[in-house]
Each structure stands twice: as structure tokens, then as C-alpha cells.
Amino acid sequence: MLIIDVHAHYGEWFFPIYRSAKKDIEEMMNLHGIEKVILSSSKAITYDMVEGNMDLSRILDSNKGLYGYVYVNPNYPELSKTEIEKYLGNPLFKGVGEIHPDYSGVSVDSEESVSVIREAAEYRKPFLIHTYNLENVRALVELVKKFPGNIFIAGHMGGTVASGTGLSWKKAIEAAKEYSNLYLEICMTLFEKGKLEEAVDKAGADKIMFGSDLTLLTPAHTIGMVLSAEISRNDMEKIFYLNAKKVFRL
Amino acid sequence: MMHADKRFIVDANTVFGTYPKRKTDVSLKNLIRTMDLNGVEKALTVSLKGAFYSYEEGNEETLKVCDTDKRLIPLATVDPRRFIGGREEMENLVRRGFKGLRLFKDIQGYPLDYSPIIEIIESMEGLGVPLLVPCNEYGCITLLSRLTADKDYPVIILGCTYSLLSEFIVSARKNRNLYVESRLLASSDSIEVLVEKIGASRLIFGSGMPLEYFQASYRIVESARIRDEDRNLIFGGNILRIIKEAG
């Protein structure tokens with residue numbers, strides 16, 4: 001089964017992760033059957049937006065299936081708008097992301113975030129938004145309502161709450177069911193059995209896309225979750241490949 | 001596709017019972033079905049009754065279940081919020097056939113620096129069975145390593161992620177008792193880094209099934225760029241040795 005990975009990263013991490021170079025990404029794509037990957041810069045997310053976006057732009061290559069997201073940091077709205085103008089018209093950049101409220105410290109429905117997103121929204125490319133708790137999901141839903149003509153993807157599908165109740169991913173699933181412009185992306189560290197089945201059952205397989213969080217995580221982890229899930233092969237194909245192909249026009 | 005049934009797999013992290021926090025099937029029947037589906041030969045298991053309700057009743061249930069299916073290896077648990085100490089209780093658990101002690105710190109919410117835990121760690125000296133402890137926050141492995149450095153039994157860290165990897169490696173170099181479960185070591189090269197830095201003999205495969213998706217943890221190890229003999233140690237060789245030594 002072919003795979004398009006809509007949630008991946010290029011760059012270093014502040015953990016003992018050493019397979020993060022372009023050649024490592026290509027090797028992992030080959031190993032796991034990933035045809036195309038959409039990357040955001042870890043440097044842009046965790047440190048320097050401008051330098052990170054530039055690093056990323058240098059490795060993108062459609063012949064190798066390497067596409068990118070422009071990262072924006074709402075703490076720097078004007079600079080973010082410059083980054084959008086610089087990259088978002090480039091066909092190798094397929095969207096905006098992974099907008100990360102935890103690293104920037106700014107909620108995605110804040111005034112600063114909305115002004116940046118409004119600028120990017122004109123390009124009609126999808127937004128990948130990090131969601132790992134109930135507050136993240138709530139703020140994303142506000143954006144989804146504010147920009148009904150744009151596609152938003154809940155990165156990590158709402159995430160995992162420490163209590164083990166699954167409340168945040170359940171909330172994300174409900175929101176994806178309610179709003180036609182909200183999709184779910186499924187990677188995370190802890191995979192509670194039943195979550196993908198519930199997402200397919202409630203939001204529908206058409207609203208779910210495969211992401212790996214490569215190189216923070218190995219694609220093997222999330223591929224394993226999909227293959228362990230009690231869902232149909234048709235639904236797996238939509239999740240692994242077909243939905244992303246359509247949404248990102250790949 | 002990667003097929004688990006080509007390997008001899010012993011899963012060091014399984015549970016059964018009921019799960020009160022959301023609707024999901026963690027029944028014994030589903031555990032057995034998931035083992036069969038994925039070609040798992042043996043599983044260390046423990047009743048969730050001991051984690052959520054009564055560890056005494058949970059332990060009885062675990063023993064009973066493992067008596068009826070020899071692929072299941074019983075782990076005992078105690079709830080430190082109820083446990084008021086005593087070497088005798090620990091000796092009795094081992095005498096009755098439990099092959100290790102698993103704590104549910106993640107569910108029960110106590111800190112590691114907690115008198116009943118220190119008592120448990122002291123009480124296990126000389127019994128020869130492993131202690132399995134979830135550690136998912138910074139400093140937990142460091143403290144556990146310090147508390148068990150002079151002990152004579154293996155300590156298996158459950159739920160270690162890439163963010164705790166350096167803490168584990170540095171601790172494990174100093175404390176030969178420390179092992180780590182592979183389940184959440186999901187970064188692009190966690191398994192390779194661990195094998196290179198401390199050796200495959202310190203990694204133990206666990207899946208968390210049926211509460212978690214088996215293939216997610218299986219494929220982390222199966223796809224790692226390590227020697228096949230190291231992979232086999234992780235998938236079962238190491239935990240079998242530990243259990244065998246436990247008697």
C-alpha cells in the first residue's frame with residue numbers, strides 16, 4: 001500500500017535522534033513505502049522560523065517526493081507574512097505548518113495567529129496545526145469556523161491526555177465530524193487501541209490522513225497502528241494515500 | 001508487510017480485565033486473540049483489577065488466569081497507597097508463582113520518592129524477580145536508578161520515550177540492573193542508539209496490548225537497523241533469561 005506522509009519534519013532535535021538528514025529521510029521513505037512526504041522544519045518550529053524555512057526550501061524536490069510546509073510564528077506576525085509571500089506560491093510548498101501553539105506559546109485563535117493565517121488563507125493551501133490537548137482542539141475549532149473556505153488538519157488528532165480517557169482525541173473526532181473543512185492526522189507517541197476505529201466510525205475514513213512525525217518518530221510506529229486497526233482495506237488506502245493526494249493535490 | 005509469526009515473541013507488557021476510563025475491550029479473550037493474531041508466544045500479564053481497584057483481588061485473578069493458559073506469565077502488583085510494608089508479603093507473592101512485580105504509578109499517581117515505594121524496593125532484595133515501573137517524566141529514571149543501584153534484581157522501565165532516552169542511557173551505564181521496554185521508543189533511531197550505546201541485552205519488548213495497538217510497538221523493533229540476533233534478544237531472549245533466573 002502506497003503512503004503519503006502529511007506530517008514530517010526536517011532538521012535536528014534536542015533528543016538523541018541522529019537520523020535526521022535528507023538522506024535519512026529518503027532511506028526511511030524507501031523502507032516504509034512512503035511515496036511523498038510533506039515536511040516542516042524543526043528549526044523553524046523550535047527556534048528560528050526564517051532560517052528553518054530556508055533550510056527546508058533547499059532540500060525540497062518533487063522528483064524525490066519531498067514537499068514542504070511554510071512555518072509561521074505568530075509572535076512575529078510581520079515576519080511570518082513575509083515568509084508566506086516568500087514560499088507559499090512555490091508549488092513545492094503544499095501548506096502551512098506545523099503551527100505549534102506549545103512551542104510558540106500563542107494559541108492559534110489569538111489575534112496575532114488569526115492575522116497571519118488570514119494572509120496565508122488566500123493561497124488556499126491546507127494548514128497543519130499541532131493539537132495535543134483539549135485547549136489545542138478548542139482553539140483549532142475556532143479557526144475552522146472562522147475560515148470555512150480553508151482546510152485545516154488536526155495534527156496528532158487531538159493527542160493523548162495523561163488521564164487515559166482519550167478526551168482530547170475524542171473531541172477532535174467530534175469536531176472533524178461536524179466541520180467539513182477539518183481533517184485528522186493520526187501520529188502520536190501513545191496509541192490507545194480503538195481511537196482509529198472510532199475516528200473512522202464517527203468522522204469517516206475520508207477525513208483522516210496518515211502522518212508519522214518523522215524524524216521525531218519512525219514511520220513504523222504509525223504504520224503499525226493503522227495495520228493493527230480493525231478497519232477495512234479501503235479505509236486504510238484512504239488514510240495512507242488517497243485523502244492526502246486529493247487534499248494536497250499531489 | 002512484516003510478520004510477527006516469524007519470530008519468537010514474548011511480550012513483557014500486557015494487561016487484561018476492564019478499563020474504566022473509556023470504552024475499550026481489554027478482556028482476557030481479546031488479549032488471547034491479539035496474541036494469536038500477532039504470533040506472540042508468551043506474555044507477562046497482570047489484571048487491571050489490581051491497578052484500579054484491589055491489588056489483592058487482582059493478584060488472585062492473575063494467578064487464576066495464568067493457571068488456565070500456560071502462555072501467560074503472572075506478574076503481581078501492589079498499590080503503594082494501600083501497601084503498608086512487609087518483606088513477608090513480597091516473599092509470599094514470589095512463593096505463589098509470580099514472576100515479577102509491576103507497579104502502576106501512571107494510573108495510581110504517586111511519586112517515586114514515596115516511602116511505600118522505597119519499602120517495596122528494599123523488600124524485593126534477594127527475591128530474584130524483576131520490578132517493572134512506568135517512568136514518563138524527567139527525573140523518574142534518575143531517581144529509580146539511584147534507589148536500585150545496590151540491589152540484586154532487574155528493574156524494567158516501562159513507557160520510556162525519546163524524550164527520556166538520554167536519561168535512561170546515562171543511568172543504565174551506571175546501574176547494571178536497569179532495562180528498558182521498547183514500546184514507546186519510537187524516534188527514528190531510538191532502538192539503534194540504545195543497542196549501540198548500552199547493548200541489546202538491556203531492551204525488553206512490550207506492547208501494552210490489548211490497551212494499545214500491537215503492531216505499533218512491534219514494527220519499531222522489527223524495522224530497526226540492528227543485527228537479527230539483537231532483535232531476537234529484544235523480542236524475547238532477554239525477558240526469558242530474566243524470568244528463568246527468577247526460578
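## Exercises on a predicted two-chain model

P210(B) is found in the loop that runs between β8 (203–204) and α10 (214–222) of chain B, where helices (H or I, at least four residues) and strands (E, at least two) are DSSP runs numbered from the N terminus. The model is a predicted one, in which local features need pLDDT of at least 70 and side-chain atom pairs count only at pLDDT 80 or more, while totals for chains, interfaces and linings use all residues. Residues are numbered from 1 along each chain as its sequence is written, chains are lettered from A and ligands numbered from 1 in the order in which they are written, and side-chain values use heavy atoms, with hydrogens and water left out.

### Exercise 1: the interface of the two chains

Task: describe how chain A and chain B meet, stating how many residues are in contact and what area is buried.

Solution. First count the residues: 37 of chain A are in contact with 31 of chain B, contact meaning heavy atoms within 4.5 Å. Then take the area buried between the chains, about 2800 Å², of which carbon and sulfur atoms give 61%; buried area is the accessible area (1.4 Å probe) that two parts lose on being put together, summed over both. P16(A), R19(A) and K193(A) supply 21% of the area that chain A buries against chain B, more than any other three residues.

In one salt bridge the side chains of R33(B) and E230(A) meet at 2.9 Å, N to O.

Last, assign the chain A side to its elements: α1 (22–32), α8 (167–178), α9 (195–202) and α10 (219–228) of chain A each give two or more residues to the side that touches chain B. Among these, α10(A) gives the most, with 7 residues. By class, this side of chain A divides into 17 nonpolar, 12 polar and 8 charged residues, where Ala, Val, Leu, Ile, Met, Phe, Trp, Tyr, Cys and Pro count as nonpolar, Asp, Glu, Lys and Arg as charged, and the others, Gly among them, as polar.

### Exercise 2: a salt bridge within a helix

Task: work out how far apart along helix α9 of chain A the residues E198(A) and K202(A) stand.

Solution. Start from the pair itself, since side chains of opposite charge can pair when their charged atoms come close. The side chains of E198(A) and K202(A) meet in a salt bridge of 3.4 Å, N to O. Because they are 4 residues apart in helix α9 of chain A, about one helical turn separates them. Over all chains, the structure holds 39 salt bridges.

### Exercise 3: the largest pocket

Task: give the volume of the largest pocket and identify the residues that lie nearest its centre.

Solution. The volume is about 1400 Å³. On a 1 Å grid over the protein atoms alone, a pocket is an open set of points with protein on both sides within 12 Å along at least five of seven lines, a cavity is a set of points where a 1.4 Å probe fits but cannot get out, and lining residues have an atom within 4 Å of a point. Grid points are joined across faces, edges and corners, and a volume is the space filled by probe spheres set on the points. The lining has 50 residues, of which T160(A), L190(A), N136(B), T161(B) and L184(B) lie nearest the centre. By class, these lining residues are 23 nonpolar, 16 polar and 11 charged.

Conventions. A salt bridge is a side-chain nitrogen of Lys or Arg within 4 Å of a carboxyl oxygen of Asp or Glu.
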